[in-house]
Protein chains: 2
Amino acid sequence: MAEILFLPFDKELKSENSLNLMQSAITLKLPLYSTCGSKGICGKCRVIIEKTDGLISPPSDHEQEVLGELLQKGYRLACETILEGSAVVRIPEESHSKRQVILTSGNEHLFSVRLLPNVRKYYIEVREPTIDIPTADRERLLLELENAYHLKHPILDPLVLRKLPQALRSEKKGTTLSLWGKNEIVDVVPGQKNGLFGVASDIGTTTVVVYLIDLDKGQEISVQSSTNPQTSFGADVISRISFCQEQRDGLRKLCSIIVQCLNELVMQASSEAGIDPSQIMEMTAVGNTAMHHLFMGVDPRYLSQAPYPPVLQESQNVKARDLGIAIGHSAYVHLLPLKAGFVGSDMIACILATGIHRSNALSLLIDLGTNGEIVFGNKDGLICCSTAAGPAFEGGHIRWGMRAESGAIEKAEIDPQTLNVMVETIDNQRPVGLCGSGVISAIAEMVRAGIILSRGNFNDGMHSPRLRDGKEGGEFVLVWAKDTGIGQDIVLTQKDVSEIQMAKSAIYSGAVLLQEISDFGQIQRILLAGASGNYIDPLDAREIGLFPACDTATVTGVGNAAGYGACIALLNKKKRKEAEKIAKKTDYLELAASSRFQELFVSNMFFTSAIDYEDIF
Amino acid sequence: MAEILFLPFDKELKSENSLNLMQSAITLKLPLYSTCGSKGICGKCRVIIEKTDGLISPPSDHEQEVLGELLQKGYRLACETILEGSAVVRIPEESHSKRQVILTSGNEHLFSVRLLPNVRKYYIEVREPTIDIPTADRERLLLELENAYHLKHPILDPLVLRKLPQALRSEKKGTTLSLWGKNEIVDVVPGQKNGLFGVASDIGTTTVVVYLIDLDKGQEISVQSSTNPQTSFGADVISRISFCQEQRDGLRKLCSIIVQCLNELVMQASSEAGIDPSQIMEMTAVGNTAMHHLFMGVDPRYLSQAPYPPVLQESQNVKARDLGIAIGHSAYVHLLPLKAGFVGSDMIACILATGIHRSNALSLLIDLGTNGEIVFGNKDGLICCSTAAGPAFEGGHIRWGMRAESGAIEKAEIDPQTLNVMVETIDNQRPVGLCGSGVISAIAEMVRAGIILSRGNFNDGMHSPRLRDGKEGGEFVLVWAKDTGIGQDIVLTQKDVSEIQMAKSAIYSGAVLLQEISDFGQIQRILLAGASGNYIDPLDAREIGLFPACDTATVTGVGNAAGYGACIALLNKKKRKEAEKIAKKTDYLELAASSRFQELFVSNMFFTSAIDYEDIF
């Protein structure tokens, strides 16, 4: 095998035997990619032959077709070019890391993003100092980095400086460094070290999700989630803000438990993937404005006072250690931008992930979190609002509600004759409660079966052992104790129905108001995001009146789009600028100031497709 | 009194009564300064009248003389211009903060520097958010900062973001923020808050000094010093490096005690000045390379192995909190640049303070620290080296040596007939030991009196109760126990003399070698820096052979020039770039590789002016 030198920038390539450039790139693990598996089809593996003293195969017909005039500038397709001898070969920026990453949500909806992480690894061989030129470690490293990669004068985090002398003096050959945003070295390790990891986090009011991602391969390698531990200090945003105002050290307490929760999830994900959290070189984070502020240790109290201004809006890069996040010692956390006091970076991330800001179709995007955020529009304009939907869609404030975990009822079917109930549970376990989609499904079926009337009250005229008086008023038994995993009847109460009525009316009314105000036109598609968004049956959602009437074929569950948006911003740094633009360009409608919203909210509490009470008697 | 608005950039100024522009600037505490006390002499208080709808006094003869053609561009002298009505007035950059700061060293040598700190305060009045435009706190603040001062988009430290909402909602009017380097807000407080403080630190091997400086006024307000607590782990640099290599956690230990020492000195200085350390918005730090590395927590072990490379050379800005320094929560520490493994930022600071790099005179600058660093040259070129002089010049390794504190002997006179000794002590206290200048003075006198012979040995032929055998060989009693503050005889031992012989020969030989290698020409002046540098009598120094023969009139003590350099870099940000240039342009001579140095070192151990032993017998 020929000795070969082949580096990303203007480096001499020597080959004694004939070598296909693409194959040598693959052998040497260079950041040169084709999207057709080197079959000469995609034309993406462009290299520039700057100079050659050896022999190069003449351009193929296909190269002539794909490259055209670029051939004269030395461009070639690596997969079709054979080299014998030596040449100076360069990999142009556009041929770097052009892989597509596919994030799969539960429902076949695909997000794709170009892999262009904000942190990249560079391998260099730093020369030893001499007695004549005893240049410092840092300065020799920077010199080599400029020579090898044309990277000029990045700064070194002080903790990297502490690692530097040992990293340069290992028995291993060379040094691998991690560069953040082209201007700061955030890690340095001895030898040629593979593995570049990042973590995306979605801090929901009720649910926290962490995605561990291999940034070399663009692959999700572990997903972990848990209930937001702040829940024990208040189920919704407003009660947590009150906690900060009323309790001494309230802010510090809420801040430290969410940080601890994230650290634990990162630790679980790392352990599952077999890596150390210190190998994680960046985190992205999204959440509603209050969650964002609490994570940053920023007082959210003014979010609850008109005119509800956030403390900050733009995206932030903060050292993980300044937030207490236990990943790479010098790593950054990128917090995506916020729109308003009650439209957070979770909504911006949803837009980014679903791409409605680049689409022609007029889309209504509903994020079914505890803070129901809604956006309407397309590439010509977007308008958003926030409705305090409450945690019902995530199983919160529901008698037997729970997170979408093993044993949660996610779908129910009720026989309108017998009122017998068939349920489907996550992982097909014995039922232990209802997750958000289960609640919606059960209520929709109860409406269809005539158990729930249009005003939301139970149908007194119906007689069944399942329909009975409970401790908190009327209730309907979904699963008898003997069939559950908990030995108790799982019921839906009249109070549960009221919770859903308020939540759905808030969402519905917000959506109607956005349409009215924007005057963009008719909704062409509806996207349901959120922890349960993906699993909600569009027919059920329409049945309970979650969104304005439309062809249910145009309703798509897009899963945890906020989390995917955080992943996208982690995978592709350019998407962060796009997020910033989305936040700046999207209009915001404050519902607290809107009497029209109040009017809509009150009038849309009913289940319009249900039998009216008056129809019976 | 007329309502008035007068801001540094293009702001409309309204005056109903006649007002002198300079007086209104003073009333409003604007950064507009004259150096003549507004007497119309200096011509420094230039303002630009961009537009006026009112009445402006015509230019005076003096203004015509000083401003010339600038008058046509709207320039005026504020102290001579009267306004009635309104005008758009601008304070050009050159009229900002142009005060001179005078640092006085003990010996009347003056350093002067223009006041141009890297941190500045800005007062702004941030508008409240409205329900129509509920812009975030941070974004409203940035908008106002741009409107009022043309400052674009600085970042906010995350800890400043935490303070922001309360700072904007105080009962006090307006907000004062501290801007570091024009691109980061490092503090924000409610109301119009005066007081901007910085601290300069000189981390010597033996002595640590901290200067607390009022950056508004350019005044030193407290100086505190203490022995470097690392001394208990090794008196010199090499032994501390060994400690790091040999002891587990050695680096962490040495790092944390120097940080603790600096924090205590800062606390003492703040307490003396009546301020809180959190009001200190920046620290500058100088020290030799090993002290610099230990302070940063960077392993110095490779400094002791050829070719002695430092881990880093360029200046660094590091968050104080990342170093454990307890000043402003978001403040930075600026570490001045290093030259080489044994020429640190202390030497660069000495050059900066003495200005030998801008002078025509060929200067020999000797920093009499534990690590004796020497530089030779002028504006056309500088060459430096480091000699392991040891701590003798700071009283270290000397039987009765001590720091230059109360009761330290700083000067001795010996009657050659009676051998009676007269001593002068710091603060005229009863003597308790000898500081560096005292040791040099005593040895010079002993040479003059014939007590010490040319090879450094005591004169056996001399008989006096003061000259006797002690535990460690011969010793000379400087002060009898009854006359001291400690009840013990204060002596100079044969071993003390040897320490000084080695130290002075190292300095002398280094100086000679720099002259030989550089070929710059004859030394025209000698500057003695260091904790004792200022107090050493040039005649004494020449007597013991500390530097090449020269007219002692050209020898000046410049005090703790390294510390003054740290102050200068704190007071004027442009001096930091100058320091960087000095570090890059000064040549470095490695003595460890020089056999010529060894030759010189051995042959210059003698006291050439002393009586030779052979002369006696």
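**Architecture and chain contact of a predicted two-chain model**

Buried residues account for 52% of the 617 residues in chain A, a residue being buried if 20 or more other C-beta atoms, placed from the backbone, lie within 10 Å of its own. The model is predicted: local features need pLDDT of at least 70, side-chain atom pairs count only at pLDDT 80 or more, and totals for chains, interfaces and linings use all residues. Residues are numbered from 1 along each chain as its sequence is written, and chains are lettered from A and ligands numbered from 1 in the order in which they are written. Chain A contains 16 helices and 29 strands, taken as DSSP runs (helices H or I, at least four residues; strands E, at least two) and numbered from the N terminus. Of the contacts in chain A between residues at least 6 apart in sequence, 69% join residues at least 24 apart; a contact requires C-beta atoms, placed from the backbone, within 7 Å.

In chain A, 6 strands make up an open sheet of mixed pairing, in the order S28-S27-S18-S19-S20-S29, where pairing requires at least two DSSP bridges between two strands. The edges are held by strand S28 (555-557) and strand S29 (587-588) of chain A, each with a single partner strand, so one side of each lacks a neighbour in the sheet. Strand S20 (residues 381-387) of chain A runs parallel to S29(A) and is joined to it by 2 bridges; Tyr588(A) in S29(A) is the bridge partner of Cys384(A). Helix H11 (residues 494-518) of chain A packs on this sheet, touching strand S18 (363-367), strand S19 (372-378) and S20 of chain A, and its direction makes about 30° with that of S19(A). Axes are lines fitted to C-alpha atoms, for helices over the stretch in contact, and angles run from 0 to 180 degrees between N-to-C directions.

A hairpin with 2 residues between its strands is formed by S24(A) and S25(A). Strand S24 (residues 467-470) and strand S25 (residues 473-479) of chain A are antiparallel and share 4 bridges, with Gly470(A) bridged to Gly473(A) in S25(A).

Helix H7 (residues 289-296) of chain A is mostly covered, with 8 of its 8 residues buried; among them are His292(A), His293(A) and Phe295(A). Gly297(A), which follows H7(A), has a positive phi, near 75°.

In chain B, the axes of helix H9 (residues 345-354) and helix H14 (residues 574-585) come within 10 Å and cross at roughly 120°. Ile348(B), Ile351(B) and Leu352(B) of H9(B) meet Lys575(B), Glu578(B), Ala579(B), Ile582(B) and Ala583(B) of H14(B). This contact of H9(B) with H14(B) comprises 6 nonpolar, no polar and 2 charged residues (Ala, Val, Leu, Ile, Met, Phe, Trp, Tyr, Cys and Pro count as nonpolar, Asp, Glu, Lys and Arg as charged, and the others, Gly among them, as polar).

The same surface serves both copies, as 100% of the contact residues of chain A recur in chain B.

The contact takes 34 residues from chain A and 34 residues from chain B. On the side of chain A that touches chain B, helix H3 (137-149) and helix H4 (158-168) of chain A each supply at least two residues, and H4(A) gives the largest share, 5 residues. By class, that side of chain A has 21 nonpolar, 5 polar and 8 charged residues.

Notes: Two residues are in contact if their C-beta atoms, placed from the backbone, lie within 7 Å. A residue is buried if 20 or more other C-beta atoms lie within 10 Å of its own, exposed if 12 or fewer, and partly exposed in between; C-beta atoms are placed from the backbone.
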